[in-house]
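Thanks for coming, everyone. Please bring up the sequence and the structure, and keep both in view while I talk.

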Amino acid sequence: MTQKLTAIVAGGGIGGLATAAALAQRGWDVTVYERQDALRAVGAGIYIWENGLRVLEALGAYEEATSGAFRGTHFEQRDAQGNIIESAPIEADKRLLTVPRSTLLDALKNACLRAGVRIVTHAEVIGATSRGELLFPNNEVVQADLAVGVDGIWSKVRASLGLELLHEQTREGALRTMIPAEPGDFGPNDVGKYIECWNGLRRFLITPVSEHETYLALTCPHDDKDARSMPVNKELWAKDFPQWKHLIDRIGSAPVNWGVYSVTRCHAWSAGRTAIVGDAAHAQTPNLGQGGGMAMQNGLSLAVHLEGISDKRDIPDALERWEATERELTEHCQRWASLYGEVTYLPDEIRNRVMRGAMSDPWVAAQVFRAANHTPTGTK
Ligand SMILES: Cc1cc2nc3c(=O)[nH]c(=O)nc-3n(C[C@H](O)[C@H](O)[C@H](O)COP(=O)(O)OP(=O)(O)OC[C@H]3O[C@@H](n4cnc5c(N)ncnc54)[C@H](O)[C@@H]3O)c2cc1C
């Protein structure tokens, strides 16, 4: 009987769990090491586009992840007075669902457990080697045929392998939280939509994620201390976005999380038998809602590229083929997410014109939605 190949994964976030489930479903013996004392999602809600939904289907996590999800009909940009700058209908054959992050993480965790993945919490990885090793405090080393660093933007695995080309923190960040949904929250022109409102350098994004909860993202530059303060300065935000005061007033029942955006780029996504996936390898600004989708998609693809391997000496070449397949689209997404963010710094009136012009251009729309329209490796 041939022995199962073994994989160890640093990080039990969206990307780590997707990678672990995909490997285990292909016969690998997989252990995930997560530094928190439990698997815990940070950041309230999440947009999952068609590509990410296809990955969830392939992992057998779709039903659970999307149970009770919200499916919007339009993505709408509005100015500070509530006028519509641009209203993009979401095509019926291109799914976009929004869910609480905790629901997505639970669904991925359960897919892992069904496939036999071991999840070890309270386990901080402090480094890695190209020999498939993860390093832990007290000189503890765990070795496997394959190691994968899916340990987020400050990845220790990436750093210790010397793979980093760039880790840039952008000027913008967001306060993210959930509020309870109430009847009458949305007027007749608002129902069923994702709505992003702009006022100077501040933005207010409203995302229903279920019948009971709405995810709010309050975006501003990190040096806008009044706007990014915690507890949230509700008076300030309600003054900037008065038509949404009723939602802003409800902030406070759930945790609020502040974070600036990161962009990471690496000269390679692997060294020897150790790979990096997700934000560790290719973090992007959240403007296209694709960072999580890319993390899951590239995690599944990694497992597909390792399918059929029985000798660990073949792993490094398979990892190079995986990167060659996925890197171009991932970097396209990173570029366009950053470009989209640049409109923030235009004066309001110019921004409105640029947005209207750009998004009505089919070529621009095709670039922005290229990842969403892509059929990920390993999905039908
Ligand atoms: C404001 C904002 C909004 C976003 N909105 C969307 C969206 O709508 N749709 C979308 O697809 N993406 C979105 N993203 C991006 C998305 O959140 C990330 O791309 C995604 O979470 C990346 O997954 P990951 O598993 O690579 O990293 P993470 O989700 O960061 O998970 C990393 C995991 O590793 C653990 N860890 C870290 N260090 C160690 C260590 N040393 N040892 C062990 N464990 C460790 C962490 O605790 C965590 O559990 C958004 C991002 C931001 C900032």
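Predicted model: local features only at pLDDT ≥ 70, side-chain atom pairs only at ≥ 80, totals over all residues.

I'll go through the core, the helix packing, the aromatic rings, and then some backbone details.

Core first. As a general point, nonpolar side chains in soluble globular proteins tend to be buried together. Here, the largest nonpolar core has 68 residues. Which residues have the most contacts inside it? They are Leu56, Leu104, Leu108, Leu134, Leu146 and Leu306. Helix α1, residues 14–25, gives this core its largest share, eight residues. There is also a second, separate core, with 21 residues. Ile195, Cys197, Val232 and Trp244 are among them.

Take Leu146 from that list. Setting aside residues up to four places away in sequence, Leu146 touches Thr6, Ala7, Ile8, Leu23, Trp28, Gly132, Arg273, Leu302, Leu306, Ile315 and Leu319. Find Leu306 in there again; it was on the list of residues with the most contacts in the largest core.

Now stay with α1 and look at Thr19, which sits in that helix. Buried or exposed? Thr19 has a relative accessible area of 0%, so it is buried. Neighbours within four places in sequence aside, its contacts are Val148, Val150, Val277, Gly299 and Leu302. Leu302 also touches Leu146.

Next, helix against helix. Two packed helices are described by the angle between their axes and the distance between the axes. Start with α1 and α4, the helix of residues 101–114. Their axes are 8 Å apart, and the packing angle is about 25°. That angle is under 35 degrees, so α1 is roughly parallel to α4. The crossing is left-handed. From α1, the contact uses Ile14, Leu17, Ala18, Ala20, Ala21 and Gln25. Facing them in α4 are Arg101, Leu104, Leu105, Leu108, Lys109, Ala111 and Cys112.

Move to α2, residues 50–59. Why do I call this helix largely enclosed by the rest of the structure? Because seven of its ten residues are buried. Those are Glu50, Asn51, Gly52, Leu53, Val55, Leu56 and Leu59. Note Glu50 and Asn51 in that list. What do the buried residues pack against? The partners are α1, β3, α3, β6, α4 and α10. Just after α2 comes Gly60, with a positive phi of about 75°.

Let me pick out α10 from those partners. The axes of α2 and α10 come within 9 Å and cross at roughly 45°. The two helices are therefore oblique to each other. This crossing is left-handed. On the α2 side, find Asn51, Gly52, Val55, Leu56, Ala58 and Leu59. On the α10 side, find Gly293, Met294, Met296, Gln297 and Leu300.

On to the aromatic rings. The model has eleven aromatic pairs. In one of them, Trp237 and Phe241 have ring centres 6.0 Å apart and planes at 15°, so the pair is stacked. Both residues are buried. Elsewhere, ring pairs link Tyr47, Phe70, Phe75 and Tyr194 into a cluster.

Now the backbone. Most residues other than glycine have a negative phi, and most peptide bonds are trans. Where is the cis bond I want to show you? It joins Met230 and Pro231, with omega about 0°. Pro231 is in the loop between α6 and α7.

His122 has a phi of about 60°. Its loop runs between β7 and β8. His122 is exposed, at 63% relative accessible area. Then Asn139, with a phi near 60°. Its loop runs between β9 and β10. Asn139 counts as exposed too, because its relative accessibility is 75%.

Last stop: Tyr340, in helix α11, residues 315–342. Tyr340 counts as buried, at 18% relative accessibility. The cut-off for buried is under 20%. What does Tyr340 contact, leaving aside neighbours within four places in sequence? Gln77, Glu196, Trp198, Asn287 and Met355. Val368 is 28 residues from Tyr340 along the chain, and their C-alpha atoms are separated by 8.6 Å.

That's the tour.

Terms used: Residues numbered from 1 in each chain as written. Heavy atoms only, no water. Phe/Tyr/Trp six-rings, centres within 6.5 Å; stacked < 30°, edge-to-face > 60°. Buried < 20%, exposed > 50% of the residue type's maximum accessible area, 1.4 Å probe, protein only. Core = buried A, V, L, I, M, F, W, Y, C linked by side-chain atoms within 4.5 Å. Helix = DSSP H or I, 4+ residues; strand = E, 2+ residues; numbered from the N terminus. Contact = heavy atoms within 4.5 Å. Axes fitted to C-alpha atoms, helices over the stretch in contact; angles between N-to-C directions. Parallel < 35°, antiparallel > 145°, perpendicular 65-115°, else oblique. Left-handed = near helix turned anticlockwise from the far one by under 90°.
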